[in-house]
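Welcome, and please open the model in your viewer.

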Amino acid sequence: MERNRWYKDAFIYQIYPRSFKDSNDDGIGDIKGIIEKLDYLSFLGIDAVWLSPVYKSPNDDNGYDISDYRDIMDDFGTLDDWKLMISEMHKRNIRLIMDLVINHTSDEHEWFKKARKDVNSPYRNYYFFRKGINGKKPNNWTSFFGGDAWEYNPDTDDYYLHLFTKKQPDLNYNNPKVMEEIKSIINYWLELGVDGFRCDVITLISKDKDLPKGKWNVALVGKEHYLNGKHIHEYLHELYRDAFSKYNAMTVGESVLMDVETAPYYVKEEREELDSLFTFEHMDVDNFFGVKYLMRKFKLKRLKKVLSKWQDKMYGIGWNSLYLENHDQPRSIGRFNTKLEYHDLGCKMLATMIYFLQGTPYIYQGQEIGMTNGDFKTIEDFKDTETLNILKVSRKMGIPKSYIMKAIFKRSRDNARTPMQWDNSANAGFSKGTPWIKINDNYKSINVQDNIKNKNSVLNYYRKLISIRKNNDIVINGKYVEHYKQDKNLYVYSRVYNDKYILVISNFSDKNQKFDLMDEFKNKKSECLLANYDDVVDINSFLLRPYEARVYYFE
Ligand code: TEU
Ligand code: CA
């Protein structure tokens, strides 16, 4: 079947259901809450939703620990609610992308419960159980959330592998039965009408069956034995052949530590594996060694270099994803040199800068109104398992609490998980009950209702941007060219397709910056498509004001 590559011209909106909209006032967002807000998503103009996990789960990692892949989490509703949700989405021409978390299950999944009790269980080999060595753990691998990657299992006097929390045991794909189970789960959801999957940590699923000792590393000791592992491409091709492609399902693979040389092996269309990737290199420009808690000063030149590299090297080869936020990252406003004093300008500039690149754009809930990092006061305000674990582990390592807390306030995943700010009523209109996590105090000034009313709001800017991008051949297919490469404050790029151009100019500083139009554009007919200041007149030479962004069309 010829693939319909609809995702190349789609804006995708990520919903983190726990914090989106609570319909029954228990303080937790849910599926009926999502249904209530579908008209809002149509108003925004998006084409698809990526829904973070809603499967049955004990919520050690907010749904990224699944105990039943074929049913819905009690907090969120029922399978019937879900069926109503997808049909209401489809009625509005909104596609649904589900989160597919198949690197690990919950320790409360039936498979694991049976496996951990009995060495002869047929499920034993679904996971990695190993004996300790001389009273020590089976190897030196470390977890993504800090600490080592093994948990002792008293029932069978051995250990099991978990790259994330100890309630997320890793599945063993060296056992072909695991693959069969997973394919059947995927097909189950495809039968129910799902349009695609965001594949959680998919590049980690092929692990060396011998689990050899890892080389020393600042983080993720052992990664050379599972990152882009030996059989990963066979596995993905098999999933493509026996599941995704049969339903024309779109896929986006989360790929931690991905580099531009390896990415094509996953996303070249003729390889029939994944359609696109979420990469992290641009998210790591303000840290050291890809470890987000090792904070590093932001420099625009580093960001430009990374974005340009991915634009150039993937052109005609594979498809990028464009994002600045998700449920694992702090909010973008206040990051990348933007300042809260210039809130609206900064939000609009960041959106302009990222969404005219080539790839599928993603908006994370709340980003479209410029929601900010959580205003957490003490450690008790934090709920995220990663945050709490990092605190514990780094305390053990003797790192001063003041340093860790500073890093946590800035970088904790909870920053993006505060409830969606719908209006200025109590609890931001998210819930009438007590929200599961603290709501930001600024909801009285930053909320959807006010953004709808104000024609200059961040939200209305996003709507305009989305409508400009839609069906625009230059944005979809155009070649990327970077200008002003050495400039420390300006990011300037153009896109060209069939002799038509789009030029995007962004000022990443709170100072005026001089801009002179490049000669090649000077005698062309021009039109300003989008700008975050009103009075945009001159194009040949002008001063860009703080956080100013402009998009021009030339022919
Ligand atoms: O995240 C994968 C991942 O590598 C994270 O550790 C990420 O780097 C980190 O959160 C940044 O702080 C995915 C999900 O997006 C995340 O929410 C899950 O916790 C994780 O997988 C385990 O399923
Ligand atoms: Ca609820």
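**The whole chain**

With 555 residues, a compact globule would have a radius of gyration near 24 Å, and the protein, at 23 Å, agrees with that (taken over C-alpha atoms; the rule is 2.2 Å times the number of residues to the power 0.38). This is a predicted model, where local features need pLDDT of at least 70 and side-chain atom pairs count only at pLDDT 80 or more, while totals for chains, interfaces and linings use all residues. Residues are numbered from 1 along each chain as its sequence is written, chains are lettered from A and ligands numbered from 1 in the order written, and side-chain values use heavy atoms, leaving out hydrogens and water.

Show the C-alpha atoms next: they fill a box of roughly 75 × 50 × 50 Å along the principal axes. Switch to cartoon for 14 helices and 22 strands (DSSP runs: H or I, at least four residues; E, at least two).

Now colour by burial: 61% of the 555 residues are buried (under 20% relative accessible area; exposed is over 50%, partly exposed in between; 1.4 Å probe, protein chains only).

**The calcium site**

Select ligand 2, a calcium ion. Which residues coordinate the calcium ion? They are D22 (OD), N24 (OD1), D26 (OD), I28 (O) and D30 (OD), at 2.2 to 2.3 Å. Donors here are N, O and S atoms within 2.8 Å of the metal (3.2 Å for Na, K and Ca); water is not among the atoms, so sites may look incomplete. Along the chain, the donors follow the spacing D-x1-N-x1-D-x1-I-x1-D.

Finally, click on two of these aspartates: D22 is buried at 1% relative accessible area, whereas D26, at 37%, counts as partly exposed.
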